[in-house]
Amino acid sequence: MRTALPALLAGAALLLTACGTETAETPGTVAAGPASAPASASAPPGDPADLERDGVRITALTPPSQDGSWTPVTAAYEVTNERSEPVTYTITFTFADDGGRALASVEETVRDVGPGRTVRRTVSGDGMARNASRVLLGEVLRVPADQAPAASGACPPSGIRVTADEGNAAMGLRVVGLTLENCGTRVQHVDGYPGIALLDADWQPVTGVDVLRGSGGIATVTGFDDPPRPLTLAPGERATAGLMWRNTTGMGTAVTVPYVRVTALPGADPVTVAPHLDLGTTGKLGVSAWAIPPAS
């Protein structure tokens, strides 16, 4: 199978910080949301498993107005950090009708929740959720606050922003693209491969997987095995790399890796992204070198 790497890596980049509310908690307090749940709020309907997960709990639901002036359904929720270090959460909420049919999804990011702290927020549906009567918890991603990808539009002090895209799949072959953007004011020199550490749901190292430079025989993908070369990135310029694997499942236990810690450059602060690598039983992950992406 021969596939062009740029085509597999194409698609909108997913800034894993997403588009939700971002608020840093004040130490020693329990943070309140942008607005308290109104008096018309009631206990949210649904299976408890759809309402509480990984420290996130939907606590109340306010249905759309029935007086002709449309207001969206709103859910109150809280995030409790039971870990011993600050955590940044990215949460997907699904707005559904009475039959459980999904109408819209909203992604919220709650940053820097301190150890043992609870942060309370509200989330509202958009026009697609006009007829929603239920709000369910979808995916809950948790990363160490000091390793969370930068907020949309923000540039880290390092001047380097690292993001992962949504990935592409073709007949069992998976490719996720990494982007290194020089969002600072000085030139950045890039050479080699991104440093990759595979982590489980508790941020512990995943063993039994070989992280290979290049394709490692996983598949023949144009450009994936190109050797690294020194790159000079002016402010605003980008480099890309790829993660490639197959999700074949044979004898043994299938491995899924929810988190990947990326060190873009030697000595750089790591960034933890959540590409969900469904490695099956192959035990191999290929990593391509940083390269300048082709002009679009």
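A residue is called buried when its relative accessible area is under 20%, exposed when that value is over 50%, and partly exposed in between. Please keep in mind throughout that this is a predicted model.

With that cut-off, let us turn to Tyr77. Its relative accessibility is 1%, and therefore Tyr77 counts as buried. Phe93 counts as buried as well, because its relative accessibility is 0%.

These two residues belong together. The structure holds 1 aromatic pair, and the partners are Tyr77 and Phe93. A pair of aromatic rings is described by the distance of the centres and the angle of the planes. Here the centres are 4.7 Å apart and the planes make an angle of 50°, an arrangement classed as tilted. Which parts of the chain does the pair tie together? Tyr77 lies in strand 5, residues 74-80, and Phe93 lies in strand 6, residues 87-96, so the contact ties together parts that are 16 residues apart in sequence.

I move on to Trp203. This residue is found in the loop between strand 14 and strand 15, the latter spanning 210-213. What sits over the ring of Trp203? The charged end of Arg83 does, at 4.0 Å from the ring centre. The backbone of Trp203 also deserves a remark: its phi is positive, about 65°, although the residue is not a glycine. Is Trp203 buried or exposed? Its relative accessible area is 8%, and it is therefore buried.

Asp112 is another residue other than glycine with a positive phi, in this case near 55°. Asp112, however, is found in a strand, namely strand 7, residues 102-113. With a relative accessibility of 35%, Asp112 counts as partly exposed.

How many bridges join strand 14 to strand 20? There are 5, in the antiparallel sense, and strand 20 covers residues 259-263. Within this pairing, Gly195 stands opposite Thr263 of strand 20.

Thank you for your attention.

Technical notes:
Residues are numbered from 1 along each chain as its sequence is written. This is a predicted model: local features need pLDDT of at least 70, side-chain atom pairs count only at pLDDT 80 or more; totals for chains, interfaces and linings use all residues. Side-chain values use heavy atoms; hydrogens and water are left out. Two strands pair if DSSP finds at least two bridges between them. Helices (H or I, at least four residues) and strands (E, at least two) are DSSP runs, numbered from the N terminus. Rings of Phe, Tyr and Trp (its six-membered ring) pair if their centres lie within 6.5 Å; planes under 30 degrees apart count as stacked, over 60 as edge-to-face and the rest as tilted. Buried means under 20% relative accessible area, exposed over 50%, partly exposed in between (1.4 Å probe, protein chains only). A charge sits over a ring if NZ of Lys or CZ of Arg is within 6 Å of the ring centre and within 35 degrees of the ring normal.
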